[in-house]
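Reader: I have a new structure to look at. Please show me how to read it, feature by feature.

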Amino acid sequence: LDTVDVVIAPRANPDGAAAFVRALADGIDANRDHTLLRTPEARVLAGLFARFKPNVVLDCHEFTVGGRWLTKVGGLTRVDAMLQHATAPNLAPSLRTAALERVLPAMRAALDAEGLTHDWYFTTDGARPDAPVAMGGIGPDTGRNIAGLRNALSFLIETRGVGLGKANYARRVHTHVVAAEAILRLVAGDPQGFLALSRQAEAESASARGPLVVSARQEAQTRALTFVDPVTGADRPVSVSWLSSLQIEPVLTRPRPAGYLLSGSQAAAIAALERAGVRTAPIAAGGPVPGQRYRAVRLTSAAKADVRGDDTGAGEIVSGAYALEDGLIQPSAGDVFVPMDQPLASLAAVLLEPESTAGLVANRLIGVQEGQLLPFARLMAAP
């Protein structure tokens, strides 16, 4: 504490914890609400980001020990800790490098020294026996990934817990402390270096010029995992279909725009952008600017997909195919420009590209009708 500031949010979902459920009272999963900020809990956490602009974020959870794993592989999860850094598309490259080369080795060494076992974070859809085992997802709306898109070095630390009650509680808490303390000691030993890392990530996000990944998928692999036989306690090795978040395969890419132009009539969308901390600028009427408009070619409604299955708490989202039409875009007085030369450029794209499942179109904050143009556009030059 002589060299770094530490802010602790003891529990992000006190009501759910009291009821031993993941979701809030309205059914929303708060850890899938970090882009739209529909819930008071998510808004409080976003407020902490806005106030403190943290350079390092630890998102601490507990994982399921039995339940879905007994159904799927006939075993219990074996490791003490599951770890994963931010793995969202369009993440600043410097953050991934620091996570893999500096932070993960320090955490693993600390856990090893205490005789605590560890692996990547993984989960599965317990309702489907044929579902693959997946690392933590690449969606931008989880706490781990939104922190990365906000240019913090971000880690998920999960320990054994769900379904165990208070069994082995001291060991579980100790595991969290060892993993978290390893990162804190690393940062405290080089505070200026980690401060510079955040500034570098901000600069990379604001100055990126390559294609924008609009949608992507985890790479399909096969992996050996070891579980525990619930009767004998013996190791139970299994081979599983594995979805890796370390290799992200782009599904849809687009040229990176200079920014987005929203009609001033889109008050709810503009408010959502500002609530998320994305910089917006009202503009006066000016000359035409080269850009692209979106036309909705095909629209359907579907449950929001998640590596655990459907994110039912999110409700149905608009899933669509959109065509880009090149042309000159004429701004009107009262329109709002969202520039992409800002530190939260990747978050702006998440919210505004219509295929983004965490975005404003998919979640109906921007209305859309099949065959019609959307009320915003991509600009290839600033207005």
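The dialogue below takes up rings, strands, cores and loops in turn.

Reader: What kind of model is this?

Author: This is a predicted model. Keep that in mind throughout.

Reader: How do I read a pair of aromatic rings?

Author: A ring pair is described by the distance of the centres and the angle of the planes. In this model the count comes to five aromatic pairs. Take tryptophan 69 and phenylalanine 227: their centres are 5.4 Å apart and their planes are at 35°, a tilted pair. Tryptophan 69 belongs to helix H3 (residues 68-73) and phenylalanine 227 to strand S8 (residues 212-228), so the pair ties together parts 158 residues apart in sequence.

Reader: Are tryptophan 69 and phenylalanine 227 buried or exposed?

Author: Tryptophan 69 and phenylalanine 227 are buried. Phenylalanine 227 also pairs with phenylalanine 122; with centres 6.3 Å apart and planes at 75°, this pair is edge-to-face. The cut-off matters here: an angle over 60 degrees counts as edge-to-face.

Reader: Which elements hold phenylalanine 122 and phenylalanine 227?

Author: Phenylalanine 122 is in strand S5 (residues 122-124) and phenylalanine 227 in strand S8, so parts 105 residues apart in sequence are tied together. Phenylalanine 122 and phenylalanine 227 are both buried.

Reader: Which residues form one aromatic cluster?

Author: The cluster consists of Trp69, Phe122, Phe227 and Trp242. The charged end of lysine 166 sits over tyrosine 169, at 5.4 Å from the ring centre.

Reader: Now the strands. How many residues of strand S3 are buried?

Author: In strand S3 (residues 81-85), five of the five residues are buried. Check its two sides. Ala81, Leu83 and His85 are on one face, Met82 and Gln84 on the other, and both faces are covered.

Reader: How does S3 pair with its neighbours?

Author: Look at the direction and the bridges. With strand S4 (residues 118-120), S3 pairs in the parallel sense over three bridges. Leucine 83 has tryptophan 120 as its bridge partner in S4. Between S3 and S4 the chain passes through helix H4 (residues 93-113), and this β-α-β crossover is right-handed. With strand S7 (residues 153-162), S3 runs antiparallel, and five bridges join them. There, the bridge partner of leucine 83 is isoleucine 157.

Reader: What is the strand order in the open sheet of five strands?

Author: The order is S2-S8-S9-S6-S5, and the pairing is mixed. Strand S2 (76-77) and S5 are the edge strands, each pairing on one side only. S5 runs antiparallel to strand S6 (residues 133-135), joined by three bridges. Threonine 123 stands opposite alanine 134 in S6.

Reader: How do I read a nonpolar core?

Author: In soluble globular proteins, nonpolar side chains tend to be buried together. Here the largest nonpolar core has 46 residues, and Met107, Phe122, Leu153, Leu225 and Trp242 have the most contacts inside it. Helix H4 gives the most to this core, with seven residues. Another core lies apart from it, with 33 residues, including Ala46, Leu212, Tyr260 and Ala345.

Reader: What does tryptophan 242 touch?

Author: Leave aside residues up to four places away in sequence. Then tryptophan 242 touches, among others, Trp120, Phe122, Val133, Met135 and Leu225.

Reader: Where is tyrosine 322?

Author: Tyrosine 322 is in strand S15 (residues 316-329). Its relative accessibility is 10%, so tyrosine 322 counts as buried. Not counting residues up to four places away in sequence, its contacts include Arg254, Arg295, Pro354 and Leu374. Tyrosine 322 and valine 57 are 265 residues apart along the chain, and their C-alpha atoms are separated by 35 Å.

Reader: And the loops? Which phi value does leucine 37 have?

Author: Leucine 37 has a positive phi of about 55°, although it is not a glycine. Leucine 37 lies in the loop between helix H1 (14-19) and helix H2 (40-52). At 1% relative accessibility, leucine 37 counts as buried.

Reader: What about asparagine 151?

Author: Asparagine 151 has a positive phi of about 75° and is not a glycine. The loop between helix H5 (143-149) and S7 holds asparagine 151. With a relative accessible area of 2%, asparagine 151 is buried.

Notes:
Residues are numbered from 1 along each chain as its sequence is written. This is a predicted model: local features need pLDDT of at least 70, side-chain atom pairs count only at pLDDT 80 or more; totals for chains, interfaces and linings use all residues. Side-chain values use heavy atoms; hydrogens and water are left out. Rings of Phe, Tyr and Trp (its six-membered ring) pair if their centres lie within 6.5 Å; planes under 30 degrees apart count as stacked, over 60 as edge-to-face and the rest as tilted. Helices (H or I, at least four residues) and strands (E, at least two) are DSSP runs, numbered from the N terminus. Buried means under 20% relative accessible area, exposed over 50%, partly exposed in between (1.4 Å probe, protein chains only). A charge sits over a ring if NZ of Lys or CZ of Arg is within 6 Å of the ring centre and within 35 degrees of the ring normal. Two strands pair if DSSP finds at least two bridges between them. A crossover is right-handed if, with the strands pointing away from the viewer, the path from the first strand over the helix to the second runs clockwise. Contact means heavy atoms within 4.5 Å. A nonpolar core is a set of buried Ala, Val, Leu, Ile, Met, Phe, Trp, Tyr and Cys residues joined through side-chain atoms within 4.5 Å.
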